[in-house]
Amino acid sequence: MYDESFWNQRYDHPDYLYGTEPNAFLAEHSGLLSGPILSLSEGEGRNAVFLATRGLEVVGVDISSVALEKAKKLAESRGVEIKTIVADLGTFVPEENHYGSVVSIFAHLPTAVRERLYPLIERSLKPNGIIILEAYSENQLSRDTGGPKYPDLLMTIDKLRREFANLEPILLREVERNVSEGECHTGMGSVIQFVARRKHH
Ligand SMILES: C[S@@+](CC[C@H](N)C(=O)[O-])C[C@H]1O[C@@H](n2cnc3c(N)ncnc32)[C@H](O)[C@@H]1O
C-alpha cells in the first residue's frame with residue numbers, strides 16, 4: 001500500500017505538500033489541548049509547529065524521515081522547537097499516562113495497525129487528556145480531492161466509536177468541508193471529526 005519509501009519519495013520535494021498552515025479543525029479546537037502533545041503521522045510539521053508556537057511541547061511521530069527533516073526546518077524558520085521520532089506506527093509504543101493531548105490529522109492507518117495502536121493511545125493520555133482527530137471518511141472514496149484510495153484506511157463514525165471505546169466523546173461527526181491544505185488536499189471532502197477525553201478512573 002503506502003509504505004515508507006512511498007512517503008519518502010512523495011516528500012522529497014522542496015514544497016510542503018500539505019502546506020505550512022495548521023489543519024483547520026485542529027486550529028479551531030486547539031484551546032482544548034495541553035502538553036506534552038503526541039502528534040501521530042505529523043508529516044512536514046505544519047501542525048506541530050503551530051502548537052509549538054502556542055507554547056506547547058510537541059513530539060511528532062512519522063514513518064518518513066524526509067518529512068520530519070522538513071518539519072524541523074519549518075520549526076527553525078518559525079523560531080520554535082519540536083521533537084520528532086521516525087517510527088512506524090505499526091510498532092510504535094507511546095509512553096503511558098504521559099500526554100496531555102494526542103493529535104491525529106489525516107493519519108490514515110490500516111485497521112490492523114489502528115487496533116493495536118489505539119488502545120495504547122488511550123493509555124498514553126493522562127486522565128482528562130484530549131485526543132483530536134480528523135480523517136477522510138469512507139465517503140471520500142468517490143471524490144478526487146485527496147485521501148487514500150482504500151476503504152480500510154478511511155474512517156467512519158462507527159469505527160472510531162469502536163476503536164476508542166474507552167474514551168468519552170466530546171464531538172464525533174461526519175461533515176463535508178472544503179479542505180484547502182496544500183496541493184494534496186484540495187476541495188470538498190468528506191471527513192470524520194473527533195474530539196474525546198480520557199475518563200478520570
Ligand atoms: C496525508 S499525510 C498527513 C500528514 C500530516 N498529519 C498533515 O496533516 O499535514 C499522512 C502521513 O502519514 C504518515 N504515515 C503513513 N503510514 C505511517 C505509519 N505506518 N507510521 C507512521 N507514519 C505513517 C506519512 O508519512 C504521512 O506523513
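This note goes through a predicted model of a protein chain with a ligand.

1. Ground rules. In this predicted model, local features need pLDDT of at least 70 and side-chain atom pairs count only at pLDDT 80 or more, while totals for chains, interfaces and linings use all residues. Residues are numbered from 1 along each chain as its sequence is written, and side-chain values use heavy atoms, with hydrogens and water left out.

2. Overall build. The chain has six helices and seven strands. Both are DSSP runs numbered from the N terminus: helices are H or I with at least four residues, strands are E with at least two. Along the sequence the order is α-α-β-α-β-α-β-β-α-β-α-β-β.

3. Size. The C-alpha atoms fill a box of roughly 45 × 40 × 30 Å along the principal axes.

4. Ligand shell. The ligand has 18 residues around it, and Tyr11, Ser41, Arg46, Asp62 and Ile105 come nearest. A residue is near if one of its heavy atoms lies within 4 Å. The shell divides into nine nonpolar, five polar and four charged residues. Here Ala, Val, Leu, Ile, Met, Phe, Trp, Tyr, Cys and Pro count as nonpolar, Asp, Glu, Lys and Arg as charged, and the others, Gly among them, as polar.

5. Polar contacts (pairs of N or O atoms within 3.5 Å). A side-chain N or O atom of Arg46 is 2.7 Å from a ligand oxygen. The protein covers 94% of the 600 Å² of accessible area that the ligand has on its own. Such areas come from the Shrake-Rupley method with a 1.4 Å probe.

6. Shell elements. Helix H1 (4–11) and helix H3 (46–53) are the elements that give two or more residues to the shell around the ligand.

7. Backbone points to check. Most residues other than glycine have a negative phi, and most peptide bonds are trans. The bond from Gly35 to Pro36 is cis, with omega near -10 degrees. Pro36 sits in the loop between helix H2 (24–29) and strand E1 (37–40). Asn97 has a positive phi, near 55 degrees. Its place is the loop between strand E3 (83–86) and strand E4 (99–105).

Conventions
Polar contact = N/O pair within 3.5 Å; in protein donor to acceptor, adjacent residues only side chain to side chain.
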